[in-house]
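Take a look at the chain below.

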Amino acid sequence: MVGASALGGPSVNQRLAAVLLVVLLLVPATPVVAADSVVVGRADLSLTVPDNRVAPGETATLDVYVVNDARLVRGGPQEFENRVTTARTTTLDVGAVRGVDVVTDEIPVGTVPEGTHGPASIELTVPESVPPGTYRLPVTLSYTYTSTVLYDVTDRSDGPEYDDVEVTKRVSVPIVVEERPRFSIEDVETDAQIGGSGRMSVSVRHVGSEVVRGASVDLTSANDDLTFGGATTAESFVGEWRPGETKTVTFPVNVVDDAELRDYTVTGRISYTDSDGISGTSNELRSSVRPRAEQAFSLSGVESSLRIDHEGTVSGTVTNEGPTPITDAVVVFEPRSPNFDASETEFAIPDLAPGESAPFGFDVEVSSAADPGSRQLRFVVAYENEDGDNLTSDALTARLDVAPERDSFTVEATESTVRAGGSGRLVLRVTNADDETLSDVSAKLFVDDPISTDDDEAFVDELAPGDSAEISFEVSVAGGTFPKAYPVSLDFEYDRPDGTTLISDTVRLPITVEERRGGGLPVGLLVGLAAIALVGAAIIVARRR
């Protein structure tokens, strides 16, 4: 226990007056019975600090105890004895000491009876640069106590008289700055990105003057967004550590997906064994670390040939916006509607350094149940980072238009007139209305009475987008067919570039039947004339009878 030295107290005159008063009271002048009596005493305060040892580079709390070494000169009733031995309105006014940052300035203590009371805490910071040694912290100790209580023995109802004394002392509290192993964080870095994992390297310098052994570096993260492999604490053993030596230790770190891009506080302590074989722990080390920004990608030039009931393509360019290179990457198409179906949902792209780009493309079939219009398509990039971790980017979206359904072919009749009772050619111009080359195009003609055909198939080897070809069919019309337009149907079976075989929607076309000319009277007319002749003959026979 370390005591504080007194720098002041009651004056000489006060002490002399008290002594004289005691003498007068103790030596009776005449054998008379006194009606009044007196209680005499004093409160005497001092400070003590059980643990006053600190180290450079640490923030410490000194627990200061107030000791009242009270004296009772003449006793009396208990309440008056307590009065003359108790300090009241006690305060500690903490001064400054050169080289040490004292945070606490005033401490109200209040009433202090006889004995030891506390602690009262004094906060201070010892800079790294403070040399070892003993420093004295000045403290002004102020309090009030009652020196005498005069009271009437025969009539206690008559109020007592108090003689109060105000005391101000200047004392000093010794602070011992010890030479201990001391450490300082020089640098903290990490290659971990937001939403990923990596390594954190911490460089610590031994700035003390004593070799330590069996040392280990203990780190703590102050935020759950940054952890050491899922834990908030981590430890690394470094062994012997000499003064002036810098050691760098590494720890695995993880940063959550929704972490902010900012500095994160990390604290640490060094555990060690000193030259005397005594285990110790350093002052708290404090630093910060900033993770890398989350890996970012962008899309550009996204185009499509999507339309209802058709397999089209979606293509574009993906760019690695950094901050690190990526390897073994694929662009993943994530259709969120059952009306979109991709035969392959992954497109491999080459390794990309920050700022580099690569094209991608997908074949996507749009069902007949879909509606035309603007649609948002979603993509992600799955990749491997520099540490070999498999990661996935945030969603990348592109808005594209889905065109209405249309036929793969347009058909125009260039020759479609046949006379009743005769035959002729149905000549059609077929155009590829698709946006890709179609091959092995087989046309099939369907007819009903009075149209007939023994030539119902035609073939085109290949049609590029927008190209046309003529196909023809031999058709016949029954002899008594009434002149007008009659429908025929046509469809196409064809191959797409990806090897799939499709059948088009049915196309309906008119064949115009013209009136028969030459080769005798029409059958209808002959029948009509024959009927008239029969009626006339019947009339003649009837008249002859």
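Two residues are in contact when heavy atoms lie within 4.5 Å. With that in hand, look at the whole chain. The model is predicted. Among contacts between residues at least 6 apart in sequence, 69% join residues at least 24 apart. The protein chain has 3 helices and 41 strands. Of its 545 residues, 38% count as buried.

E14 is joined to strand E15 (residues 197–206) by 7 bridges. Within this pair, Ser-184 stands opposite Arg-205 in E15.

Another open sheet of 4 strands runs in the order E32-E34-E38-E36, again with antiparallel pairing. Which strands stand at the edges here? They are strand E32 (409–415) and strand E36 (451–452). Each has a single partner strand, so one side of each is left without a neighbour in the sheet. Strand E34 (residues 423–432) and strand E38 (residues 468–477) are joined by 9 bridges. Gly-424 has Val-475 as its bridge partner in E38.

**A buried strand**

Now turn to strand E4 (residues 45–49). Of its 5 residues, 4 are buried, so E4 is largely enclosed by the rest of the structure. E4 runs antiparallel to strand E6 (residues 58–68), and 4 bridges join them. The bridge partner of Leu-45 in E6 is Asn-68.

| Strand pair | Bridges | Direction |
|---|---|---|
| E14 and E15 | 7 bridges | antiparallel |
| E34 and E38 | 9 bridges | antiparallel |
| E4 and E6 | 4 bridges | antiparallel |

**Two loop residues**

Thr-86 sits in the loop between helix H2 (78–84) and strand E8 (87–94). Is Thr-86 buried or exposed? Buried means under 20% relative accessible area. Thr-86 has 14% relative accessibility, so it counts as buried. Its side chain reaches the backbone oxygen of Asn-82 at 2.7 Å.

Arg-98 lies in another loop, between E8 and strand E9 (101–102). Exposed means over 50% relative accessible area. Arg-98 has a value of 79%, so it is exposed. How far apart are Arg-98 and Tyr-135 in space, C-alpha to C-alpha? The distance is 8.4 Å, while the two are 37 residues apart in sequence.

**The second largest pocket**

Rolling a probe the size of a water molecule over the atoms shows where empty space is left. The second largest pocket has a volume of about 350 Å³. It is lined by 22 residues. Asp-309, Ser-408, Tyr-494, Leu-502 and Ile-503 are the closest to its centre. What classes of residue make up the lining? There are 7 nonpolar, 4 polar and 11 charged residues.

Note on methods. Residues numbered from 1 in each chain as written. Predicted model: local features only at pLDDT ≥ 70, side-chain atom pairs only at ≥ 80, totals over all residues. Heavy atoms only, no water. Buried < 20%, exposed > 50% of the residue type's maximum accessible area, 1.4 Å probe, protein only. Polar contact = N/O pair within 3.5 Å; in protein donor to acceptor, adjacent residues only side chain to side chain. Pairing = 2+ DSSP bridges. 1 Å grid on protein atoms, 1.4 Å probe; cavity = no way out; pocket = protein on both sides within 12 Å on 5 of 7 lines; lining within 4 Å. Points joined across faces, edges and corners; volume = space filled by probe spheres on them. Nonpolar A, V, L, I, M, F, W, Y, C, P; charged D, E, K, R; others polar.
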